[in-house]
Amino acid sequence: MTTTLDRTANRALTPGLPARLSLTPKTTLAGRLDGAWWPRSRDLAAELPALTDALEGHGDRITRVLVNPGHWPVVPHKVSVAGHVLHVGWFTEQDPDKVILLSYTTGRCDLLVIPPETEPASAARLMTAAALPGSTLTAGSLMSDEAATSRRMREARSSEDAWETDGGAAPAPQSHPAAHPVVGARMIPLPGHTGR
């Protein structure tokens, strides 16, 4: 079977857009992840330049990237980025929800990879969770936790919609409150105030 990719399509959709990246703040607390990356497509050759640009802006010159090919239709061996060549390797044993970036200056950076089709609210929760200093959660556990959270939220919205459809919605606010007099109410004067 032959796979053909139109490499211009994804690049045309995301020209010059910065990487959507969340990094763990510099701290003595070491965690399993160094942050999260939310690419705009599954075209690794189109997405890596923006990611490396963002990381090199923090002083890291990325030389090698390691991925699991499960989420990437094509894994190129080399990608040209800002004045140098990035070597890309793949391992099926690696967590499919993680990318490993190697640098001569800072060593290793492990990032959660959030699928491009993820809803923004879900992606925001994942980016925050992956950037927590000292977190012991793996990329796979963050993704499965988020899937469970998203499922619960959809079920809650579905239950609320069903409740409102069945007549359980609160009555609409009245536009003229004086049209419905209050029955059984009485005025109680406050101490020190006269009626007038």
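Of the 196 residues in this chain, 34% count as buried, where buried means under 20% relative accessible area, exposed means over 50%, and partly exposed is in between, with a 1.4 Å probe and protein chains only. This is a predicted model: local features need pLDDT of at least 70, side-chain atom pairs count only at pLDDT 80 or more, and totals for chains, interfaces and linings use all residues. Residues are numbered from 1 along each chain as its sequence is written, and side-chain values use heavy atoms, with hydrogens and water left out.

The chain has four helices and seven strands; these are DSSP runs, H or I of at least four residues for helices and E of at least two for strands, numbered from the N terminus. Reading from the N terminus, the order is α-β-β-α-β-β-β-β-β-α-α. A contact here means heavy atoms within 4.5 Å. Among contacts between residues at least 6 apart in sequence, 65% join residues at least 24 apart.

Now the core. A nonpolar core is a set of buried Ala, Val, Leu, Ile, Met, Phe, Trp, Tyr and Cys residues joined through side-chain atoms within 4.5 Å. The largest one has 21 residues, and those that touch the most other members are Trp-37, Leu-44, Leu-48, Val-65, Val-99 and Leu-101. At least two residues each come from α2 (44–56), β3 (62–67), β4 (78–81), β5 (84–90), β6 (98–103) and β7 (107–113). The element that gives the most is α2, with five residues. What does Leu-44 touch, not counting residues up to four places away in sequence? The list is Trp-37, Val-67, Trp-72, Val-74, Val-75, Pro-76 and Val-88. Another core, of 12 residues, lies apart from the largest one and includes Leu-33, Ala-36, Leu-112 and Met-127.

Next, the aromatic rings. A pair of rings is described by the distance of the centres and the angle of the planes. Rings of Phe, Tyr and Trp (its six-membered ring) pair if their centres lie within 6.5 Å; planes under 30 degrees apart are stacked, over 60 edge-to-face, and the rest tilted. A search of the whole structure finds one aromatic pair. Trp-37 and Trp-72 form it, stacked, at 5.9 Å centre to centre with 20° between the planes. Trp-37 is in strand β2 (residues 35–37) and Trp-72 in the loop between β3 and β4, so the pair links parts of the chain 35 residues apart. Both Trp-37 and Trp-72 are buried.

On a 1 Å grid over the protein atoms alone, a cavity is a set of points where a 1.4 Å probe fits but cannot get out; a pocket is an open set with protein on both sides within 12 Å along at least five of seven lines, and lining residues have an atom within 4 Å of a point. Grid points are joined across faces, edges and corners, and a volume is the space filled by probe spheres set on the points.

The largest pocket has about 400 Å³ of space. It is lined by 16 residues, of which Thr-24, Pro-25, Lys-26, Asp-34 and Cys-109 are the closest to its centre. The second largest pocket has about 310 Å³. Of its 15 lining residues, the closest to its centre are Thr-118, Glu-119, Ser-122, Glu-146 and Ser-150. Two or more lining residues come from each of α3 (120–130) and α4 (139–168), and α4 has the largest share, seven residues.

Last, two single residues. Ser-22 is found in strand β1 (residues 21–23). Is Ser-22 buried or exposed? Ser-22 counts as buried because its relative accessible area is 16%. Leaving aside neighbours within four places in sequence, Ser-22 is in contact with Asp-34, Gly-35, Ala-36, Met-127 and Ala-131. The C-alpha atoms of Ser-22 and Ala-130 are separated by 7.8 Å, at 108 residues apart along the chain.

Thr-138 lies in the loop between α3 and α4. With a relative accessible area of 27%, Thr-138 is partly exposed. Beyond neighbours within four places in sequence, Thr-138 is in contact with Arg-32 and Leu-33.
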